Amino acid sequence: MRDKRMTAAEVAAELADGMTIGIGGWGSRRKPMALVRAIVASPLRDLTVVSYGGPDVGLLCAAGKVRRVVFGFVTLDTIPYDPHFSRARQTGAVQVRELDEGMLQCGLRAAAHRLPFLPIRAGLGSDVLALDPSLRTVRSPYDDGEELIAMPALPLDAALVHLNRADRHGNAQYLGPDPYFDDLFCLAAGRRYVSCEQVVPTAELAGPGAAAAPQSLLLNRMMVDGVVEAPGGAHPTSCVPDYGRDEAFQRHYAEAARDPVTWTGFAGRFLADGEPAYRAAVQEWAA
Amino acid sequence: MTGQLVSGDGRSGDHRHSRPVSRADVCVAACADLFADDGEILASPMGLIPSLGARLARLTSAPDLLLSDGEATLLGPDGAPEGWLPFRQVFDVVAYGRRHVVMGANQVDRYGNQNISCIGPHDRPVRQLLGMRGAPGNTVNHRTSYWVPRHSARVLVDAVDVVSGVGYDRARAGGLRFHDVHRVVTNLAVFDFETPDGAIRLRSVHPGVDVAEVAAQTGFAVRTDDVPVTRTPSAAELELLRTVLDPDGRREKEVPTP
């Protein structure tokens with residue numbers, strides 16, 4: 001079996017300008033932030049980002065990496081709005097495709113199932129339809145004749161997700177309460193990258209004596225192309241039970257949106273030199 | 001029946017009669033009343049006052065409600081986990097229809113259309129908000145209510161800037177058969193949609209609130225004759241709120257009594 005371990009920088013190097021990138025997690029929870037930071041540090045640009053958005057979206061917008069955001073919401077959870085995303089929207093710096101959150105799941109599922117679309121009721125009557133003239137409806141071919149949204153597939157060039165544990169082959173495990181939609185993001189993507197808190201031998205994931213049951217193995221190796229060991233890789237978002245959200249640092253991140261000078265200072269201090277330097281800078285900031 | 005659920009330690013008996021009922025208490029009871037007919041469904045209250053309302057309803061008028069911890073676990077009334085409901089299963093419940101969500105609203109209009117997306121033109125908003133979230137799907141699949149902690153004509157508007165949650169005008173035009181926007185509870189009043197054309201109607205004003213004040217702070221026309229007063233919570237409900245559900249009085253910070 002292949003050893004798929006690689007670095008976050010190597011993941012970013014496999015991506016290309018203009019790609020559509022799906023990012024797992026939910027709001028400010030279990031976001032693959034180490035991989036996002038690697039994109040920030042790379043020359044990549046003009047990305048389309050598909051996300052149940054949190055600081056992943058805000059950070060990429062602030063760094064000028066994003067052309068378009070496909071989203072149902074962007075929130076930092078304990079802070080309602082991500083000010084970096086707000087600024088990008090309010091200055092017209094990014095285009096958006098705004099969907100109901102169930103429609104986003106439906107589009108990923110259609111892509112995962114290699115279908116052109118899947119029907120869903122969500123979106124009917126709302127401005128989701130008016131704001132996206134490319135959206136179509138479909139009428140049931142059965143006697144009921146109900147009209148539904150024909151949610152088009154949302155195929156991804158690449159998916160980035162962060163889980164608690166993985167082995168070097170790409171079997172990966174979540175230990176928190178919610179899998180979110182990380183498996184679906186991988187199934188909808190051409191290239192699939194998982195970062196994790198710790199790479200462990202396969203037997204330690206759910207074998208005899210392991211703390212977790214086999215149903216915690218959300219991803220299997222046929223769904224994964226690259227494995228990145230990134231301790232603290234979801235910071236400042238939560239990655240329970242390994243750690244909760246770093247609320248103080250998240251506030252600091254949000255405050256950096258105040259003006260271009262504060263952002264430049266934040267980026268220079270935390271984002272310039274890779275993950276070990278990031279962790280050291282966060283530790284120094286917190287001290 | 002509700003009296004049996006009150007903790008019997010006797011310590012709270014004195015101030016129950018001496019402390020006045022607060023505006024927040026009234027709002028929590030009005031939110032509890034939202035769930036009265038719901039039976040064994042998932043209650044999804046967003047925010048403190050609706051959450052207290054749902055938990056109060058489960059201890060009194062709606063004992064079969066299911067409630068989550070805000071993450072992925074369903075908790076029984078005693079706080080013990082009774083089920084697992086990650087977001088993917090919440091989406092299934094939305095489509096299944098056995099759910100009553102109480103959402104916030106940056107704007108609500110006279111047909112119950114709700115906006116949580118943005119203010120101003122969508123391609124370059126004056127103010128970006130949360131995003132559509134689940135509002136389009138919620139409103140076409142199951143019962144939806146709204147909680148407005150600061151009633152003003154900027155929130156209760158004639159027409160919303162962006163339709164996130166679907167109102168009655170659009171639902172009727174589109175024949176949306178599961179659409180069921182129930183009520184809007186604010187810090188001043190309760191609205192419903194029990195009118196022939198689904199237009200919003202002032203259902204009650206909270207005790208101590210002048211109907212003229214509600215009319216002045218609302219961006220669409222409201223009736224001002226013979227408007228009932230929102231009920232005050234019962235002694236048993238106040239006891240539960242003060243001793244079990246919110247002993248620290250967090251609700252008073254969200255809705256101060258004038």
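A: Where the domains of chain B meet

In this predicted model, 20 residues of domain 1 of chain B are in contact with 24 residues of domain 2 of chain B. Two residues are in contact if their C-beta atoms, placed from the backbone, lie within 7 Å. Residues are numbered from 1 along each chain as its sequence is written, and chains are lettered from A, with ligands numbered from 1, in the order in which they are written. As the model is predicted, local features need pLDDT of at least 70 and side-chain atom pairs count only at pLDDT 80 or more, whereas totals for chains, interfaces and linings use all residues.

On the side of domain 1 of chain B that touches domain 2 of chain B, at least two residues each come from α2, α3 (48-59), α4 (87-96) and β4 (99-103) of chain B. Such elements are DSSP runs numbered from the N terminus, helices being H or I of at least four residues and strands E of at least two. Helix α2(B) gives the most to this side of domain 1 of chain B, with seven residues. By class, the side of domain 1 of chain B that touches domain 2 of chain B holds 14 nonpolar, three polar and three charged residues; here Ala, Val, Leu, Ile, Met, Phe, Trp, Tyr, Cys and Pro count as nonpolar, Asp, Glu, Lys and Arg as charged, and the others, Gly among them, as polar.

A residue is buried if 20 or more other C-beta atoms lie within 10 Å of its own, exposed if 12 or fewer, and partly exposed in between, with C-beta atoms placed from the backbone. An α-helix has 3.6 residues a turn, so residues three or four places apart point the same way. After α4(B) comes G97(B), with a positive phi near 95 degrees.

Not counting residues up to four places away in sequence, L60(A) touches residues including V36(A), I39(A), V40(A) and L47(A).

The contact between the two chains takes 33 residues from chain A and 33 residues from chain B. On the side of chain A, β3 (66-74), α4 (83-90), α5 (101-112) and α6 (127-131) give two or more residues. That side of chain A divides into 16 nonpolar, ten polar and seven charged residues. In α4(A), the residues H84(A), F85(A), R87(A), A88(A) and R89(A) are buried. Their cover includes β2 (47-53), α3 (55-62) and β3 of chain A together with β8 (127-128) of chain B. Just after α4(A), G92(A) takes a positive phi of about 70 degrees.

Chain A also has two domains: domain 1 (8-100 + 155-201 + 211-286) and domain 2 (116-152). Their C-alpha centres lie 31 Å apart, and four residues of domain 1 of chain A are in contact with five residues of domain 2 of chain A.

Finally, confidence. Chain B averages a pLDDT of 93, and 93% of the residues score at least 70; pLDDT is the predictor's confidence in each residue, from 0 to 100. Over residues 1-16 of chain B, pLDDT stays under 50. Where pLDDT is low, the predicted coordinates should not be read in detail. For the complex, the predictor gives an ipTM of 0.96 and a pTM of 0.95.

Methods. Domain bounds come from an automatic or database domain assignment.
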